[in-house]
Amino acid sequence: MTAPLKHSDPVIVHVALGSRAYDIVIGRDVLASLGARVAALRPGVRTAIVTDRNVAKHWLEPAEATLAQAGIATSRIIVEEGEGSKTYAGLERVSEALIAAKIERNDLVIALGGGVVGDLAGFSAAILRRGVDFVQVPTSLLAQVDSSVGGKTGINSPQGKNLLGAFHQPVLVVADTAVLDTLSPRQFRAGYAEVAKYGVLGDEAFFAWLELNHAEIFKGGTAREQAIATSCRAKAAIVARDERETGDRALLNLGHTFGHALEAATGFSDRLFHGEGVAVGMVLAAQFSASLGMIPQSDAARVERHLADVGLPIHLQDIAGFAQEGLADADALMTLMAQDKKVRRGRLTFILLEAVGRAVIAGDVEAALVRDFLTAKLAGRA
Ligand SMILES: NC(=O)c1ccc[n+]([C@@H]2O[C@H](COP(=O)([O-])OP(=O)(O)OC[C@H]3O[C@@H](n4cnc5c(N)ncnc54)[C@H](O)[C@@H]3O)[C@@H](O)[C@H]2O)c1
Ligand SMILES: [Zn+2]
């Protein structure tokens, strides 16, 4: 991918969380400044970089080089790529390696990777010696706009995703938009669903800008930095209002109730990446909102059109193996959703739309209405 001529100075987004506040540094080639930034934050600190094999191939040496230049001691811990590392076994491996690397209370863990590495390394840091600080260096688009910001860390249990974890905010996030050039196009596109989500849930002007600029974001032009910065600002604002998800932070789950059900149905496999499930889920949430008369059909169609334009799946039927999985059945989907989000006395919490750019938390949606919508949808009537 070729970059355009001019990339501006890094953008700094501040996450205002009082004593746990931190900066997100976004820009092309900002990875080279990691060492200096860490040295400024914690002079004389010792660090350990946690990464996965894919990311290590491309970005471990540049990360080590910048730390070495700044005189920061570091060691490396490399896990296997993929969700399979976000397990008890993965946590044990990383935690034991951090202890062996002599990471003390005042040292730093550096998570260099996608959401898997960020969640795993962050959780290990949260429990190591009752809490060691950590730095996020997100390398997937999803991690740069979502998982590296906000302090949710954790691993999966055999009984479900993200069931063990801690809120542990990073002390710094360094998001280099150039590292995304080595990410597979399909992973990039999946992460883009979360970018679009910020527009759909709270910022119509941003959504309209994405409609015009998505090609440049994919190519790696300056629009990529802008899109990531706007997404991080949106997430930072919500997290600052509601760090522990007792209210507004739930808005970030737009598309996720449907999406998680679809991910579960496809076994959290390569058949459906998280962001792809979110894309289908967002379209369903928009269409469901339209079916309730909350937004015009044309608004739902607008969301659908944009996600389709960038090549994301938008229909249940776009999911590989859709028919075999029994997904073509409203009751099967309802059962999966009931497992993800608690159904209380036949009622579900959904994030719905009042407009493109204005989502609301609907805590009291009748399950029967959702089932009717899905039935109509599957019959081609919605
Ligand atoms: N903590 C949160 O708030 C939060 C939010 C959303 C998602 N998550 C979690 O994030 C995880 C998903 O994150 P993800 O989509 O980044 O997945 P991931 O970390 O598995 O990365 C996707 C794939 O891309 C590879 N990769 C990453 N960066 C690369 C690069 N620059 N070049 C080449 N390959 C690269 C990885 O090795 C992996 O194979 C899930 O476990 C999810 O639960 C957490
Ligand atoms: Zn998500």
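Modeller: Two strands pair if DSSP finds at least two bridges between them, and the strands themselves are DSSP runs of E with at least two residues, while helices are runs of H or I with at least four, all numbered from the N terminus. This is a predicted model, where local features need pLDDT of at least 70, side-chain atom pairs count only at pLDDT 80 or more, and totals for chains, interfaces and linings use all residues. Residues are numbered from 1 along each chain as its sequence is written, chains are lettered from A and ligands numbered from 1 in written order, and side-chain values use heavy atoms, leaving out hydrogens and water.

Biologist: In what order do the seven strands of the open sheet stand?

Modeller: The order is 1-2-9-6-5-3-4, with mixed pairing. Strand 1 (11–15) and strand 4 (73–79) are the edges; each has a single partner strand, so one side of each lacks a neighbour in the sheet. On average, neighbouring strands are turned by 20° against each other, direction ignored.

Biologist: How many bridges join strand 6 to strand 9?

Modeller: Two, and strand 6 (residues 133–138) and strand 9 (residues 172–176) run parallel. Q136 has V173 in strand 9 as its bridge partner.

Biologist: Which strands does helix 1 lie across?

Modeller: Contact here means heavy atoms within 4.5 Å, and angles run from 0 to 180 degrees between N-to-C directions of axes fitted to C-alpha atoms, for helices over the stretch in contact. Helix 1 (residues 34–41) lies across strands 1, 2, 3, 5, 6 and 9, at about 170° to strand 9. Helix 8 (residues 222–241) packs on the sheet too, touching strand 1 and strand 2, and makes about 10° with strand 1.

Biologist: What are the protein donors of the zinc ion (ligand 2)?

Modeller: Donors are N, O and S atoms within 2.8 Å of the metal (3.2 Å for Na, K and Ca); water is not among the atoms, so sites may look incomplete. Here they are E194 (OE), H256 (NE2) and H274 (NE2), 1.9 to 2.1 Å from the zinc. E194 sits in helix 6 (residues 185–202) and H256 in helix 9 (residues 256–265), so this pair ties together parts 62 residues apart in sequence.

Biologist: Is E194 buried or exposed?

Modeller: Buried means under 20% relative accessible area, exposed over 50%, partly exposed in between (1.4 Å probe, protein chains only). E194 is buried at 0%, and H256 is buried at 6%.

Biologist: Where does F268, with its positive phi, lie?

Modeller: Most residues other than glycine have a negative phi. F268 has a phi of about 50° and lies in the loop between helix 9 and helix 10 (274–291). At 39% relative accessibility, F268 is partly exposed. D29, also not a glycine, has a positive phi of about 70° and lies in the loop between strand 2 and helix 1.
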